[in-house]
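Dear colleague,

I am handing over the structure we spoke of, and you will find it directly below. My notes on what was found in it follow, and I would be glad if you read them with the model open.

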Amino acid sequence: MNDDVSKRRLGRGLAALIGEMDQPVPVDGEKSSVSADRLIPIEFVSRNPRNPRRFFDDSELHDLASSIRQHGIVQPIVVRTIATNRYEIIAGERRWRAAQLAGLVEIPVIIRDVDDKTALEIAIVENVQRSDLNPLEEALGYEQLIAEYGYTQNDLGEIIGKSRSHVANSLRLLKLPEPVRDFLAAGSLSAGHARALVSTSDPTALARTIVSKGMSVRDAEKLAQNDIKAQSEPQRPSAPRDQKDSDTLALERTLSDTLGLDVTINHKSGGGQIRIAYKSLEQLEEICRLLERR
């Protein structure tokens, strides 16, 4: 079986497994297509250091902990065995953290025998499908799969159920400087804001402007387009201005006052030019009349 076929099948298998994870644990005698394999002591479970999700909102965790105290964990945590009586989370770290806050001694788990690669894939798919990752975490997860396991953007799109362009646009965010990525991780900038900044001359300065003014994505795109346009326009060197002596400048002022028009004198050794600027035919006719009187 070639790699492309196996990856497509793996993508469908992961999707099926994620769908399976979404089924609640049966309670009060109810039947369900999926139930927890067992209850295990919470101290036997550890987080996956490769989990793409890095940020967990404290207030949301406390809200979930309150719900768990009242209703228990209605969706099992997916784990894999890493040693005797030791398990590592594949999916459900947020529920595990909240369960600790709630003071649970045991938690329901589904145990899956998977390798590092599949565990990472499941973690990314599960989080992406639930929109639990911020855009930066999502991009870092894709980068990890590409760097460590040789996936193409097409492969990733099939596995996570997104288009190749979605994957490509996510990865572009990793080109941004650290301050902009911090805004993105904190939620101050959306993925749409951040993508607009990738090709600009100073993404950090523009990001601060967007955040401080609360600009919409459309306004941010216009700001970025103006910056990119300015970069592409050739800078024309300003023509050097000849230094004029005080007598020439005084004569310009006298003639301008007499005619009521702007007069410029370009004087050089051996000759020069006088330029009289007019704005209407009436002004031109007046100049002609003055010349005819001479």
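**Around Leu176**

Leaving aside residues up to four places away in sequence, Leu176 touches Arg181, Ala194, Leu197, Val198 and Pro203. Please keep in mind throughout that this is a predicted model.

Leu176 also belongs to the largest nonpolar core, which has 30 residues, and together with Ile124, Tyr142, Ile160 and Leu197 it is among those that touch the most other members. Two or more residues of this core come from each of helix H4 (116-129), helix H5 (135-149), helix H6 (153-160), helix H7 (164-172), helix H8 (178-186), helix H9 (191-197) and helix H10 (203-213). Another core, of 20 residues, lies apart from it and includes Ile40, Ile68, Tyr87 and Ala102. As background, nonpolar side chains in soluble globular proteins tend to be buried together.

**Two helix pairs**

Two packed helices are described by the angle between their axes and the distance between the axes, and I have set out both pairs in that way.

On the H2 side the contact is made by Glu60, Leu61, His62, Leu64, Ala65, Ile68 and Arg69, and on the H3 side by Arg94, Arg95, Arg97, Ala98, Ala99, Leu101 and Ala102. Of these, Ile68 and Ala102 are also members of the core of 20 residues.

**The chain as a whole**

The secondary structure of the chain comprises 13 helices and seven strands, and 36% of its 294 residues count as buried. Among contacts with a separation of 6 or more, 64% are between residues 24 or more positions apart. The chain exposes about 17800 Å², of which carbon and sulfur atoms supply 48%.

With best regards

Notes: Residues are numbered from 1 along each chain as its sequence is written. This is a predicted model: local features need pLDDT of at least 70, side-chain atom pairs count only at pLDDT 80 or more; totals for chains, interfaces and linings use all residues. Side-chain values use heavy atoms; hydrogens and water are left out. A nonpolar core is a set of buried Ala, Val, Leu, Ile, Met, Phe, Trp, Tyr and Cys residues joined through side-chain atoms within 4.5 Å. Buried means under 20% relative accessible area, exposed over 50%, partly exposed in between (1.4 Å probe, protein chains only). Helices (H or I, at least four residues) and strands (E, at least two) are DSSP runs, numbered from the N terminus. Contact means heavy atoms within 4.5 Å. Accessible areas come from the Shrake-Rupley method with a 1.4 Å probe; for residues, only the protein chains shown count as cover.
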